[in-house]
Amino acid sequence: MVRPLLLLGILLGLAGGMSLAPALANAQAVRDAELALQPLLPPGSRILRSRRLSNTEAEVWVEFRGNSNPVIMRLNPSGRWEQDMNATLARGASQLRALARQQTAALPEGFGQTAPDQPRPLPTQPASILIPPVDREQETQRALSRAGRADPFVPQNVRAPEPPLPPLDLPPLPELPPLGGEVPVGVATPLPTPTPDPAAFARSVQVSGVIQIGRESFALISAPGTLPAVVQAGQNYQTAQVAKVSVPERQVVLSEGGETVVKTMQNTTVIVGAP
């Protein structure tokens, strides 16, 4: 299990073709962490340098095919160094975000934006072709004389009001006694209580990456309020169980509360390692 998890951390760091190794001239090497990592490296890779991040955590930079990437090592309770998969993936994700911010900042201002359409200027016309001013009173009288009206405020084509209909002589309605001597009072119907979703947590899970190493498939998943984790089929993630990890279909099948939830990865590179 240690070798597939190590290859997963290295391959996820190499997927973007980055080389972000910082200058560690004054850092003290952690030889025990390097020795524990050396037999787990794939052929053709070598250790560049290392440094201690805390009493129980170290950072080892590994070069593979011209790219250098960090591997986070941690001391287990027995005092032996081993790879911390979650910390390695989190470090690679932070480097990807930093590279994206650098590339965005290097773009020229206004790149990719469309300039708004400028209003076209109205054509100018000489004053000689404009309508000459007229007397308002004369034009009003002329329009009324053509329409055959002397008073513009008298409405036209208005129907005379019709005479009201005589009231109908209907017999009074009989008074009925209340049933049982009491007037029934309406009872409000209570609103139905919504049923909680038994698979609410599984539906909130997001798939960030999948990888296949040999015959084993792994997935990097996360959910609101939880830490990302690398899982494979048969493991539990909080209250959900990972039923299947499919690298060709980019899917992770979760089971919770008797329901099956299929989560598909979007816009993420699938990495297939060597057997």
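Me: Is Q238 buried or exposed in this predicted model?
Reply: Buried is taken as under 20% relative accessible area, exposed as over 50% and partly exposed as in between, with a 1.4 Å probe and protein chains only. Because the relative accessibility of Q238 is 53%, the residue counts as exposed.

Me: Where does Q238 sit, and what is its phi?
Reply: Strands are DSSP runs of E with at least two residues and helices are runs of H or I with at least four, both numbered from the N terminus. Q238 lies in the loop between β8 (236-237) and β9 (240-246). Most residues other than glycine have a negative phi. Q238, a residue other than glycine, has instead a positive phi, near 55°.

Me: Which accessibility class does R250 fall into?
Reply: R250 is placed in the loop between β9 and β10 (251-256), and its phi is positive, near 55°. Since its relative accessibility comes to 33%, R250 counts as partly exposed.

Me: What share of the contacts in the protein chain with a separation of 6 or more joins residues 24 or more positions apart?
Reply: The protein chain has five helices and twelve strands, and a contact here means heavy atoms within 4.5 Å. Among contacts with a separation of 6 or more, the share from residues 24 or more positions apart is 45%.

Me: What percentage of the 275 residues counts as buried?
Reply: Residues are numbered from 1 along each chain as its sequence is written. The model is predicted, with local features needing pLDDT of at least 70, whereas totals for chains use all residues. Of the 275 residues of the protein chain, the part that counts as buried is 28%.

Key:
Predicted model: local features only at pLDDT ≥ 70, side-chain atom pairs only at ≥ 80, totals over all residues. Heavy atoms only, no water.
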